[in-house]
Amino acid sequence: MSTVATHEAFDHPALFYRGEQEYVDRTVSFVQEGLDLGEPVAVAVPGPNLELIRTALGADAEGVLLLDMRQAGRNPGRIIPGVLRSFADAHPGSRARIIGEPIWAGRSAVEYPACAQHEALINAAFEGRAVTILCPYDEANLDEAVLADARITHPTIVSRDERRPSDVYDWRSVVDRYNEALAPAADAAVFSFDADNLFMARAFVVEQAGRLGLAGRRLQDAELAVAELTTNSVVHGGGHGTLAVWAEADDLVCEVRDAGRLTDPLAGRRPPARGQLGGRGLMLVHYVADLVRLHTGDEGTTVRFYLAC
């Protein structure tokens, strides 16, 4: 049974699998079908699964872009621009075929909301494009709540020998549900900023991040991300905001709050249109951070990012 429907402009099935053999059979069949059709194929899955696919493909693996999702997609917010769109955009005029596995049993509870939103936003990012993105889900090791979200974020479900439309598909509801309010840690160091003291906000994050163990390139990343976010707050978010910094497990956490509201659910996940004001700063933050969580609403916007110390 074919896993995809190649006549559709955009195809985004979730593959529910059990066990290593079913995983290999299904994913390799998907890849081989693409190669036989002359389609460009990419596979972005966690390292151990990547090796299973690489081994099963044998010499055919040379014709496939293989990426370890634990690295390329550690921050779910950069998967659309840095993995999926990067590959699809590199092959104009061809139907791109991609396996993307952003959710696996090792994902943390802190990461998961961003993962679920990512899976939902794929539908907006590729609407009308000739792209097939197959997303595997491990039925044996993922929580039922995760599998339930997969049924909502994917218009098509592939399970065993059956391919069927999802009867609960509603990707916008998942984006909204995980647009969670984010409360800063009780021990966070806080700095209020406006147009007159943006340079002090950068100095503040360098001082606090250094005190909490961040160093070298990672310290520069924190300063750059905060510079972008605080500038966005001044220009687009009401002219002022607050910056908070704290440690959480092995991560440095920074967040910027302002009075602005994001109306584009793909903000920071796709290149801004030519002549568009804003949009580049948040994308940069997605690229330098290990995780980005975002909340936006009538009360304003919070962007929180994590950097491993």
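Colleague: What share of the contacts with a separation of 6 or more joins residues 24 or more positions apart?

Modeller: The share is 70% in the protein chain, where contact means heavy atoms within 4.5 Å. This is a predicted model, in which local features need pLDDT of at least 70 and side-chain atom pairs count only at pLDDT 80 or more, while totals for chains, interfaces and linings use all residues. Residues are numbered from 1 along each chain as its sequence is written, and side-chain values use heavy atoms, with hydrogens and water left out.

Colleague: What makes the protein chain as compact as a globular protein of that length?

Modeller: The secondary structure comes to ten helices and 13 strands; helices (H or I, at least four residues) and strands (E, at least two) are DSSP runs, numbered from the N terminus. The radius of gyration, taken over C-alpha atoms, is 20 Å, close to the 19 Å that the globule rule gives for 309 residues, so the chain is as compact as a globular protein of that length. That rule is 2.2 Å times the number of residues to the power 0.38. Along the principal axes, the C-alpha atoms fill a box of roughly 60 × 35 × 35 Å.

Colleague: Why is Ala189 called buried?

Modeller: Its relative accessible area is 16%, and buried means under 20%, exposed over 50%, partly exposed in between (1.4 Å probe, protein chains only). Ala189 is therefore buried. Of the 309 residues, 53% count as buried.

Colleague: Where does Ala189 lie, and what does Ala189 touch?

Modeller: Ala189 lies in strand β9 (residues 189-194). Leaving aside residues up to four places away in sequence, Ala189 touches Phe204, Gln208, Leu243, Ala244 and Val245. Ile152 is 37 residues from Ala189 in sequence and 38 Å away in space, C-alpha to C-alpha.

Colleague: What makes a set of residues a nonpolar core?

Modeller: The members are buried Ala, Val, Leu, Ile, Met, Phe, Trp, Tyr and Cys residues joined through side-chain atoms within 4.5 Å. The largest such core has 39 residues, and those with the most contacts inside it are Leu84, Phe126, Val131, Ile133 and Tyr137. Elements giving two or more residues to this core include β2 (13-17), α4 (79-89), α5 (112-125) and β6 (131-138). The largest share, seven residues, comes from α5. A second, separate core of 29 residues includes Ala189, Phe191, Leu198 and Ala201.

Colleague: How do you know whether Tyr112 is buried or exposed?

Modeller: Tyr112 has a relative accessible area of 13%, so the residue is buried. Tyr112 is placed in helix α5. Not counting residues up to four places away in sequence, Tyr112 touches Ile103, Ala145, Val146, Asp149 and Tyr178.

Colleague: What is the phi of Arg160, and what is the phi of Ala249?

Modeller: Phi of Arg160 is near 55°, a positive value in a residue other than glycine. Ala249 has a positive phi of about 55° although it is not a glycine. Most residues other than glycine have a negative phi.
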